[in-house]
Amino acid sequence: MKHLTRNVGIAYIVCSVLTGCSTHSRHSSEASSSISVQPSGIQIESSVREQVSWMLDAFTPIAGQALPNKSVLAAYEFRNFEPIWIKDQRLDSSIYRLVEILDQAYSHGLNPVHYHLQTIKEYLALKKPTAQQLAELDVITTIALSSYAHDISNGRYEPHLIDPNWQLDAPSNDWKNLLFLDSPAHMVNYLPTLAPRQPDYQVLQNWLAFYQELAQKEGDVHVDYGLLLRLGDQSPRVAQLRARLVQLGDIRFSARKITENYFDKELQTAVTRFQKRHQLDADGTVGTQTIQALNVPLEERARQIAYNLERWRWLPSQLEDNRVWVDLTDYTAHIFLNERTERMKVVIGKPDRKTNVFYGKMTYMVVNPTWRVPMRIARESLLPKLQENANYLTEHGYHVYSSWSIGARQLDPLTINWHDIQPEELRYRFEQAADDENALGRYKFMFPNKFDIYLHDTPARHLFNEGVRAFSSGCIRLERAEDFANLLVAGYRKGQQQLADARESQETRVIPLNHSLPVYLVYFTVVPNTNGMPEFRNDIYQRDALMKEAMGYSPLKAKDSI
């Protein structure tokens, strides 16, 4: 039903703006370098004023996207409603360059249909357009330019409307400057500078084009299911495996003679390479899971890349030199600090207690922290344990207080009948003292946020040996918290002394940072690996499905709406 609603909306818009010119659609490919502009400038300008108001009301957002209509209106008001693409009775040739750019929108994972491309081509095919048609062309072209500039810079969709757990959105207003440049040529030339400049984005763009072209020209090489394939095996399925790995770029063409259906060392190495970049056990043998990953259609892989290009557009255009970059799907923290780079494993939230995607600024750390148990964890995890064992709090160093208010009385847990308390009725406050068993370990790193998420140490060291490390209640557990604490005060003598004193005292101490440190919690399901190959990661929080729902509809062609 959603798709039908979207298509009906598009059909209405296209049908409306093409009044009087739909019969010329078959000639759009014959559009020459310019339209023969006959109506006077005053006539066109008068029509532009009318069309701006009408079209901006007609083009409405779909599926949580943001159409930058107010900026289009401001651009025309700035020019006193003079046409943008028509000057001195001539159509500016930059409009054709814009059409070429919009035609290539798919190279960014965007859909050209969003930018009214077919409609613009219909108008450009007209040989003797009226003043109203020229005004319509001018306005719809400006809407297309504005929408594309916005989308390539900030992303087409509002992230929190797609995924409530995604709260990292850093919109830039740079794209608006484009609408106030002095000529269409400058406006069109400014467009490419708005795309994210991060190397990962540009590499993913190349792989998107690779998968799109491969799907169109070759189609998928399928690997049949069967017994485990391993070094030394010989069968037609090995030839299929080899062909698929060649197609995906894990095996490069070689001039040496090989036996296609023989599982040799080169093939084993290629299988291992493939497994590593798909988060599989890299044992060089081919079982069911590896074949499943091999047989994911090229078109689906292209869509995955497109989702992640959109995610990049939700991030700031420039990242700080000093920052903490927690890569949730790789369970890794990348620390960039004082021209040093450190990596360490992390544990993230369970799928039913997802770690939010957001940005914060770390301002202090707590050494030997106490843990005030969040109410949700107290109700869902702690209360069931108390109902099984009334001594649980004492055995694990917890104190219980009568309420969450300041000055609440400490209570004896053995005097409370835990069995009579329903989770929604629990009102007590629980705190775990600073010791070796404390759930936060020896360190807590704070970047205040509404989610009450932070980085911290942990006594559960064994979890860092797991490949999939989604075990927490939302916070991020660091593999080497002590090393991170040292990094934060490196070169800061006062902080170093405070840290040493806190460690020696074993008392809870708050240590302010010399400078705030940006912290990004990010989620990507496709990233370039160190060799520049695409690494397809497990979608642990099922966020790609939400992207597909928002982005993955089939466009209605203009000719089908007339």
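Reader: Which residues lie nearest the centre of the second largest pocket?
Author: This is a predicted model, in which local features need pLDDT of at least 70 and side-chain atom pairs pLDDT 80 or more, while totals for chains, interfaces and linings use all residues. Numbering starts from 1 along each chain, and side-chain values use heavy atoms, without hydrogens or water. A pocket is an open set of points on a 1 Å grid where a 1.4 Å probe fits, with protein on both sides within 12 Å along at least five of seven lines; lining residues have an atom within 4 Å of a point. Of the 37 lining residues, those nearest the centre are Trp371, Ile377, Ala439, Ser473 and Arg477.

Reader: Which element gives the largest share of that lining?
Author: Helices (H or I, at least four residues) and strands (E, at least two) are DSSP runs numbered from the N terminus. Two elements give two or more residues, strand 13 (470-472) being one of them. The largest share, five residues, comes from helix 15.

Reader: How many residues of helix 14 are buried?
Author: Buried means under 20% relative accessible area (1.4 Å probe, protein chains only). Across the chain, 51% of the 562 residues are buried. In helix 14, mostly covered, the count out of 16 is 13.

Methods
Buried means under 20% relative accessible area, exposed over 50%, partly exposed in between (1.4 Å probe, protein chains only).
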